[in-house]
Structures are given as C-alpha cells and as structure tokens.
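Please examine the structure shown below, with its sequence at hand.

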Amino acid sequence: AVHIDGSAAGVTDRYGKYTLADVVEGTHTITVAKEGYSTWEETRTIRQDDAGISVELKRETTEVSILVENTDHQVVSGALIYVNGETMGFTDEKGRVREDVSSSGVYNFTAMLEGYRPASVEETIPLGTGAAFVTITLEKEYDIGSLGVFAIAIACVVLLVLGIRWYTGRQYLPPRRRGGAL
C-alpha cells in the first residue's frame, strides 16, 4: 500500500512497482506498507522529471528464545538447535539460544545433543509478535551396550543365589524329605 501525505494513493503491482500519478510537485511524505514487513516512510521533494523512488521493505522479525532442559527441568547447554531444518546455534550455559525469525508462520524447533534423544517442538508465531518463547525437553538416551551388561550382571546374581539355595537345600534337608526313613 502506498500513501502520500497520509492519504491512500494505491498499491504496487505484482512486481512491486507503483506509478505516482497526479502528484503535484513539492515536498510530500511517502509511506509504503505491507503486512509482515516494516513500514517505509520518507519525506521527499518531488519534481516532474524524477525517475522514481526505489524502496526496500524489510521483513518483520520476532526474537525467539529457546530453552532446552532435561526431564528433571535442568538446563542443557551445548545442544544444537535447528529451525525448520536450518542450524540456529548452540544453547549457552543457561540452556538458551536466541534468534530472530521472520514473523508469521509455523516453525519446527529441534534440539540435538549426544547422550539425548532428539526432540522437536512446533510453534506458530503470529504477525506482530515481539518475542516468542519455546521450551524443548530432551530425554536421556540409554546405551544398549551398558544396559546389556547390567542385565547380564543381574542374571548372574540371580543364578548364583538360586544355585546356592539349591545346593544348600539338598545338603541340609531332613532325611525324610530326601526320601529316607526316620
């Protein structure tokens, strides 16, 4: 949308161009705005022989603060964060990372760190949001090798206890239980 001196003058075409028509020479305030973009405004002196004005609108952004914690709600530093598959950065010692993202959209935030299962959170960030906060909880990843060793150790202890009970039970049973006479 193009405004001249506060009044609507029209909209740009699909190529982003707009022709100033019926503008009297002189000083005018020109404003260009589009939802999702920062508004551009400038006061200029316009003459009939002006070639044109080139305007670049910047996308509005939202600062997103991501906190990564474990299942005990302790911060996790050094986690690699991805936003929609692109690397965002690593969490600091407070388990946080901050980044500006273009406003208005659905974002997938993923955290990864060795020793933890990757976790993702999907958030919608609406237009005009000044800041957004996302928390990602990582679960410990258990090493199958160490679990296997633990299981074998338990099995050995159980077999040892059963073996001792069997051995001592046969040796110290009263004679009638062994099948002998009293």
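A polar atom in the side chain of Thr91 lies 2.9 Å from the backbone oxygen of Val76; a polar contact is a pair of N or O atoms within 3.5 Å, where within protein one must be able to donate a hydrogen and the other to accept it, and residues adjacent in sequence count only if both atoms are side-chain atoms. The Thr91 side chain also reaches the backbone nitrogen of Ala79, at 2.9 Å. This is a predicted model, in which local features need pLDDT of at least 70 and side-chain atom pairs count only at pLDDT 80 or more, while totals for chains, interfaces and linings use all residues. Residues are numbered from 1 along each chain as its sequence is written, and side-chain values use heavy atoms, leaving out hydrogens and water.

Where is Thr91 placed? Thr91 belongs to the loop between strand S7 (86–90) and strand S8 (96–102); strands are DSSP runs of E with at least two residues, numbered from the N terminus. Thr91 is buried, with a relative accessible area of 6%, buried meaning under 20% with a 1.4 Å probe and protein chains only. Beyond its neighbours within four places in sequence, Thr91 is in contact with several residues, including Val68, Ile81 and Val97, contact meaning heavy atoms within 4.5 Å.

Strand S7 also takes part in an open sheet of four strands, ordered S7-S6-S9-S10 with antiparallel pairing; two strands pair if DSSP finds at least two bridges between them. S7 and strand S10 (119–125) are at the edges, each with a single partner strand, so one side of each has no neighbour in the sheet. Strand S9 (residues 105–112) pairs with S10 in the antiparallel sense over seven bridges. Ala111 has Ala119 in S10 as its bridge partner.

Methods:
Buried < 20%, exposed > 50% of the residue type's maximum accessible area, 1.4 Å probe, protein only.
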